[in-house]
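Work through these exercises with the model open beside you. Try each task before reading its solution.

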Amino acid sequence: MNKKTSKRLVVFDFDHTFVQDNTDMVVFDMIQSSEAKQALWNQYEKGKWTNFMNEVFDYLYNNKFTLNEMKMKLKNMKIVDGMLELFEFLKANSHIFDCIIVSDSNQWFIESILEVQGLRSIIKHIFTNKATIQNGKLHVLNCHSHSHSACPVNMCKGQLLMEYKDEMLKSGTNYISVCYIGDGSNDYCPCERLHSNDYVFARKDYPLEKKISSSSTLSTKNILAKCAFWVSGVDILHEIKHLI
Ligand SMILES: [Mg+2]
Ligand SMILES: [Zn+2]
């Protein structure tokens, strides 16, 4: 029997959790013409977000926007208060904590931002939509396929997290608890799959918090994990410090 390592897993959403705004919207807003924006929205089919973003990338490419300009916009995005302090702590305690990102953005956006913040190396894995670049044009592909009808077709964060935990266990790392940090309604699925020794950190006044608050008033409680609401990354840091 192989010896197992016990660690804690910290899972980060990205848009509105690590960066203050939404990466896709920052890039969409590079389009100046409101008619062009509306025309793109008119093509959007609910639940098919990656298709929509590919239309946006096509438009930008056809209108001579370069990937470098896109990268500059992304690199200038505001980081949520306290998130860099939180990462500094997690980096100093990487013998205790592993960090992953689970996001509906895409690989190229996330890596562009992490790189400039010097954080790429402490993120063990990024689960997100795949990104390819051909002749200077970005194209995104669904993160994976799954069977959870409540989640968007390109991504079920809950399934990805459970599969990752299983895989890590097989290769010798047992996560004694998970800390899930997010803000959006698509962060609810993974939170529902957590256990009583896990933690949910939901951003205050964002959809995940509202969903948790409304579900906990029902007679059946859907989330077993301990829930805390945060405004800044420092609030999370205070809680996580108690875990070591
Ligand atoms: Mg988010
Ligand atoms: Zn799901």
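**Exercise 1.** Which residues coordinate the magnesium ion (ligand 1), and at what distances?

Solution. This is a predicted model, in which local features need pLDDT of at least 70, side-chain atom pairs count only at pLDDT 80 or more, and totals for chains, interfaces and linings use all residues. Residues are numbered from 1 along each chain as its sequence is written, chains are lettered from A and ligands numbered from 1 in the order in which they are written, and side-chain values use heavy atoms, with hydrogens and water left out.

- Step 1. List the donors, that is, N, O and S atoms within 2.8 Å of the metal (3.2 Å for Na, K and Ca); water is not among the atoms, so sites may look incomplete.
- Step 2. Asp13 (OD), Asp15 (O) and Asp183 (OD) coordinate the magnesium ion (ligand 1), at 2.0 to 2.2 Å.
- Step 3. Along the chain, the spacing of these donors reads D-x1-D-x167-D.
- Step 4. Asp13 lies in the loop between β1 (5–12) and α1 (23–28), and Asp183 in the loop between β5 (173–182) and α8; this pair, 170 residues apart, links distant parts of the chain. Helices (H or I, at least four residues) and strands (E, at least two) are DSSP runs, numbered from the N terminus.

**Exercise 2.** What is the arrangement of the donor atoms around the zinc ion (ligand 2)?

Solution. 

- Step 1. The zinc ion (ligand 2) is held by His148 (ND1), Cys151 (SG), Cys156 (SG) and Cys189 (SG), at 2.0 to 2.3 Å.
- Step 2. The 4 donor atoms subtend angles of 103 to 118 degrees, so the arrangement is tetrahedral.
- Step 3. Compare with the ideal: 109.5 degrees for four tetrahedral donors.
- Step 4. The donor spacing is H-x2-C-x4-C-x32-C.

**Exercise 3.** How are helix α2 (residues 34–43) and helix α3 (residues 49–62) oriented to each other?

Solution. 

- Step 1. Take the angle and the distance: about 150 degrees, with the axes 10 Å apart. Axes are lines fitted to C-alpha atoms, for helices over the stretch in contact, and angles run from 0 to 180 degrees between N-to-C directions.
- Step 2. α2 and α3 are therefore roughly antiparallel, a term for angles over 145 degrees.
- Step 3. Find the contact (heavy atoms within 4.5 Å). Ala36, Leu40, Trp41 and Gln43 of α2 meet Trp49, Phe52, Glu55, Val56 and Tyr59 of α3.

Conventions. Four donors count as tetrahedral if all angles lie between 85 and 135 degrees; four count as square planar and six as octahedral if opposite donors are over 155 degrees apart and all others between 65 and 115; anything else is irregular. Angles under 35 degrees count as roughly parallel, over 145 as roughly antiparallel, 65 to 115 as roughly perpendicular and the rest as oblique.
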